[in-house]
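Here is a short tour for a reader new to this structure.

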Amino acid sequence: MGNWIINHGLTSFILVVWMGINIFLFVWFYLFYDLGDDYYYTRHLLGSALAWARAPAAVLNFNCLLILLPVCRNLLSLLRGSFVCCGRTMRKQLDKNISFHKLVAYMIALMTAVHLIAHLLNVEWYNNSRRGVYDKLSTALSNLEDTDNTTYLNPIRKTDVDAQQTPTYLVFTTIAGLTGIIITLALILIITSSMEVIRRSYFEVFWYTHHLFVIFFIGLVFHGAGFIVRKQLTTDPPHNFTLCKDRIEEWGQIPECPLPKFGGGPAQTWWWVIGPMILYLCERLLRFIRNMQTVQYRKIVMHPSKVLEMQLVRHGFKMDVGQYIFLNCPAISQLEWHPFTMTSAPEEDFFSVHIRSAGDWTDRLIDIMQHLPEGAQGPKMGVDGPFGTASEDVFDYEVSMLVGAGIGITPFASILKSIWYKFKTSNPKLRTRKIYFYWLCRETHAFEWFADLLQVLEKEMEERGMGDFLTYKLYLTGWDQSHATHAWVHFDEETDVVTGLKQKTHYGRPVWDKEFEEVRQENPSSVVGTFLCGPAVLGKVLENKCAKFSDVDPRKTRFYFNKENF
């Protein structure tokens with residue numbers, strides 16, 4: 001329980017607070033519209049659907065305020081740097097920005113559905129009241145001031161339209177109706193294109209459709225200006241609905257019952273979203289400015305398994321280990337930006353990325369680079385970043401477990417390079433005394449581009465008498481009998497037949513219980529940071545193992561799980 005509180009306590013607290021605010025807003029506004037005197041006559045026309053429409057609208061406003069903040073990456077990186085003094089538990093929350101972004105989006109989708117269904121019922125009941133289907137009070141309220149002024153209650157103003165077509169006419173001829181259709185369609189496209197299968201297989205569809213959020217927010221700001229839901233205004237003398245609701249024929253005839261007057265607004269949504277919209281505009285402006293800065297190619301290398309390495313230089317660029325950048329190649333697309341973790345170390349005078357073939361954009365980039373003349377500069381490249389990640393905290397732990405799957409090795413390449421430079425300069429600030437490194441790959445060729453770095457580190461540690469500092473295990477998860485036979489024949493050789501390293505390649509997947517138990521036995525009183533850059537399924541496994549093997553006694557071994565999120 002103590003380990004769970006340390007790893008998930010603050011996250012759970014934030015979620016409870018967020019959900020609590022949502023529930024409070026829903027209940028508060030539901031009761032406000034369900035019990036408020038100003039909406040008595042409106043409730044007579046619409047019933048409980050009035051409160052069911054307005055309460056979700058309040059929750060929508062709150063979540064639309066939040067939805068842009070988790071994707072203001074420069075703001076998050078700034079906060080991450082400011083939170084250094086607040087401990088890693090606080091900083092870990094910022095690494096879950098995309099998860100929170102999705103959670104808020106789900107709430108927006110749910111509240112939109114409730115809001116939409118309630119208003120569909122409202123339109124139907126407005127129409128029936130206008131046609132005199134219900135009681136005399138409903139008819140009288142619907143007929144009030146049937147002119148061009150603004151004191152009416154029922155927004156359906158025309159009776160010369162067919163009764164069956166009136167709801168459609170209202171939806172397509174009013175500000176609230178038109179903007180409601182636009183933002184609902186935009187939201188449906190945004191959410192459906194964000195599904196994992198679409199995002200992984202057709203990233204361009206996800207990318208372009210996601211930018212409908214601009215239309216969504218514009219429509220949202222104007223949606224409330226339609227004043228479909230109206231309340232009773234104060235008149236002189238006042239219209240007392242308690243007395244007058246049963247004396248319809250005397251409205252305007254006696255001082256006690258003047259004609260009731262109604263009005264809408266003011267529109268409040270823009271109060272909620274204007275701040276995040278300005279922050280996001282600043283974010284995009286900063287991206288535009290960075291895109292204008294010149295980026296030069298220092299080196300372009302094609303590695304096996306269609307992995308492209310680009311070493312880039314930009315004036316004033318500063319990075320930390322494990323950070324990532326967004327790349328834009330106008331020759332491929334003017335608008336698309338893709339995230340890539342940097343594989344260079346902060347001590348180097350360039351920054352590099354390794355890009356695996358994983359879709360149309362990466363395939364086209366690799367194709368362009370393969371057809372470049374010898375020594376030529378590549379196409380113009382825009383760079384936005386760097387942005388902070390969980391891997392930045394790796395040197396805050398005495399012991400670190402680094403787990404990479406496939407191209408997920410990239411943040412750890414930066415970390416291991418930085419360690420190598422720190423040892424070369426005998427950096428006294430290096431707290432880390434032990435690193436366990438695990439790399440899972442399906443193909444033998446995938447090891448080749450990274451094996452050179454491991455060989456250098458292996459040699460460096462041995463020369464300094466620190467051979468135990470780095471323990472690494474490479475796992476080949478995709479193999480056949482010929483691989484196994486070849487490895488068995490060369491088993492007695494000093495170096496591995498796959499990687500050329502002294503550490504032999506393992507076939508299959510790690511037995512994580514055994515690995516965690518081994519780390520715990522070798523570090524009986526340490527705080528161990530477990531870092532993953534890989535699939536969510538593996539993340540769940542490692543997170544459970546961290547909880548399982550953490551000791552209740554804070555003086556003994558404890559594991560903290562960290563995962564890269566983009």
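Buried means under 20% relative accessible area, exposed means over 50%, and partly exposed lies in between. Glu250 has a relative accessible area of 29%, so Glu250 is partly exposed. The model described here is predicted.

**The chain as a whole**

The protein chain has 566 residues, and buried residues make up 48% of them. It holds 20 helices and 14 strands. Consider the contacts with a separation of 6 or more: residues 24 or more positions apart account for 75% of them. The chain exposes about 27,700 Å². Carbon and sulfur atoms supply 61% of that area.

**The cores**

The largest nonpolar core has 51 residues. Among those with the most contacts inside it are Tyr41, Ile108, Phe216 and Trp251.

Residues up to four places away in sequence aside, Ile108 touches Leu60, Asn63, Cys64, Ile67, Leu187 and Phe216.

Asn63 lies in helix H3. Is Asn63 buried or exposed? Its relative accessible area is 1%, so Asn63 is buried. Beyond four places in sequence, Asn63 is in contact with Trp18, Asn22, Val104, Met107 and Ile108. Trp18 is 45 residues away along the chain, yet the two C-alpha atoms are separated by 9.4 Å. The side chains of Asn63 and Trp18 make a polar contact of 3.1 Å.

Met19, Ile23, Val27, Leu31 and Leu35 make a nonpolar surface patch of about 440 Å². Val27 belongs to helix H1, residues 2-35. Its relative accessible area is 41%, so Val27 counts as partly exposed.

**Salt bridges**

How many salt bridges does the structure hold? There are eleven.

| Pair | N to O distance |
|---|---|
| Asp246 and Lys245 | 3.3 Å |
| Glu250 and Arg247 | 2.8 Å |
| Arg298 and Asp349 | 4.0 Å |

Take Asp246 and Lys245. Asp246 is exposed, because its relative accessible area is 61%. Lys245 has 25%, so Lys245 is partly exposed. In the next pair, Arg247 is partly exposed at 28% relative accessibility, and Glu250 is partly exposed at 29%.

The pair of Arg298 and Asp349 links distant parts of the chain, 51 residues apart. Arg298 sits in strand S3, residues 295-303. Asp349 sits in the loop between strand S6 (338-341) and strand S7 (351-356). At 48% relative accessibility, Arg298 counts as partly exposed. Asp349, at 59%, counts as exposed.

Salt bridges that share partners also join Arg287, Arg290 and Asp384 into one network.

**Arg287, a buried charged residue**

Arg287 lies in helix H14, residues 269-292. Why does Arg287 count as buried? Its relative accessibility is 10%, and buried means under 20%. Its side chain is joined to that of Asp384 by a polar contact of 3.0 Å. Neighbours within four places in sequence aside, Arg287 is in contact with Trp207, Phe326, Trp337 and Asp384.

Notes. Residues numbered from 1 in each chain as written. Predicted model: local features only at pLDDT ≥ 70, side-chain atom pairs only at ≥ 80, totals over all residues. Heavy atoms only, no water. Core = buried A, V, L, I, M, F, W, Y, C linked by side-chain atoms within 4.5 Å. Buried < 20%, exposed > 50% of the residue type's maximum accessible area, 1.4 Å probe, protein only. Contact = heavy atoms within 4.5 Å. Patch = residues over 30% accessible without salt bridge, like charges linked within 9 Å, V, L, I, M, F, W, Y side chains within 5 Å. Areas by Shrake-Rupley, 256 points an atom, 1.4 Å probe, with all protein chains shown as cover. Salt bridge = Lys/Arg side-chain N within 4 Å of Asp/Glu carboxyl O. Helix = DSSP H or I, 4+ residues; strand = E, 2+ residues; numbered from the N terminus. Polar contact = N/O pair within 3.5 Å; in protein donor to acceptor, adjacent residues only side chain to side chain.
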